[in-house]
Amino acid sequence: MTIRVLIADDQMMVRQGFTVLLNAEPGIEVVGQAVDGLDAIAKVAELTPDVVLMDIRMPGLGGIEATGRITGPAGDPAVKVLVLTTFDLDEYVYEALRAGASGFLLKDASAAELAQAVRVVAAGDALLAPNITKRLIAEFSRVTRTHRAPLMERVGALTERETEVLALIAQGLSNAEIATRLVVAEQTVKTHVGRILLKLGLRDRTQAAVYAYETGVVRPAGY
């Protein structure tokens, strides 16, 4: 099935460049372009893309607020947002993830990395640029036990197997990889993931991974 992509960026050359790159990839089609956040919201409603490539700094409504509206209660949960920006500032990363972005990639990524990121996000998985992932893990490792306590209460609602699956999600494993690791069917893993998200009140795997580090279910090496 072809992955339909909308590109939201205020720079025409950027939009056109990404359009050429992605249209050259098998199984990916750029169905539209948006010049700012409000235009992106309107184009999502009109074109129903699978993935939105979202810039952060745009005139009028910025990419983070637009992401929140697209993925929020009034939006379409089937639409995934991949934030693509020049700036790897931590505040942008955290705000984008909180707003509902499924991935965060820098614009200096190669064409192959960009296409792979689109495919990963469209499949419902999360993606972060490697250097951003390292900083994110370090940041959450500094969360105090006081802050973790209320969150840990919800972790207690998980079964032992669900906690194990949550830890593997946080390590970046796909459903198929988790199934292989636990020697169970992939559908069984999908069921566990669905129950984890429901019990913890989380939206997607990205939030689940962050939650796992925030609560200490998993700890990054060296911390």
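1. Basis. In this predicted model, local features need pLDDT of at least 70 and side-chain atom pairs count only at pLDDT 80 or more, while totals for chains, interfaces and linings use all residues. Residues are numbered from 1 along each chain as its sequence is written, and side-chain values use heavy atoms, with hydrogens and water left out.

2. Sheet order. Six strands form an open sheet in the order β2-β1-β3-β4-β5-β6, with parallel pairing. β2 (28-34) and β6 (127-128) are the edge strands; each has a single partner, so one side of each lacks a neighbour in the sheet. Strands (E, at least two residues) and helices (H or I, at least four) are DSSP runs, numbered from the N terminus; two strands pair if DSSP finds at least two bridges between them.

3. Strand β1. In β1 (residues 3-8), 5 of the 6 residues are buried (under 20% relative accessible area, 1.4 Å probe, protein chains only; exposed means over 50%, partly exposed in between). β1 runs parallel to β2, joined by 6 bridges, and Arg4 stands opposite Glu29 in β2. With β3 (residues 51-54), β1 pairs over 4 bridges, also parallel; there Val5 has Val51 as its bridge partner.

4. Helix α10. This helix spans residues 186-200. Its buried residues are Val189, His192, Val193, Ile196, Leu197 and Leu200. They lie on the same side of α10 because they cover an arc of only 130 degrees around the axis, taken from the directions from the helix axis to the C-beta atoms. Gln187 and Leu198, on the other side, are exposed. Gly201 follows α10, with a positive phi near 70 degrees.

Methods
The expected span of a helix is 1.5 Å times one less than its number of residues.
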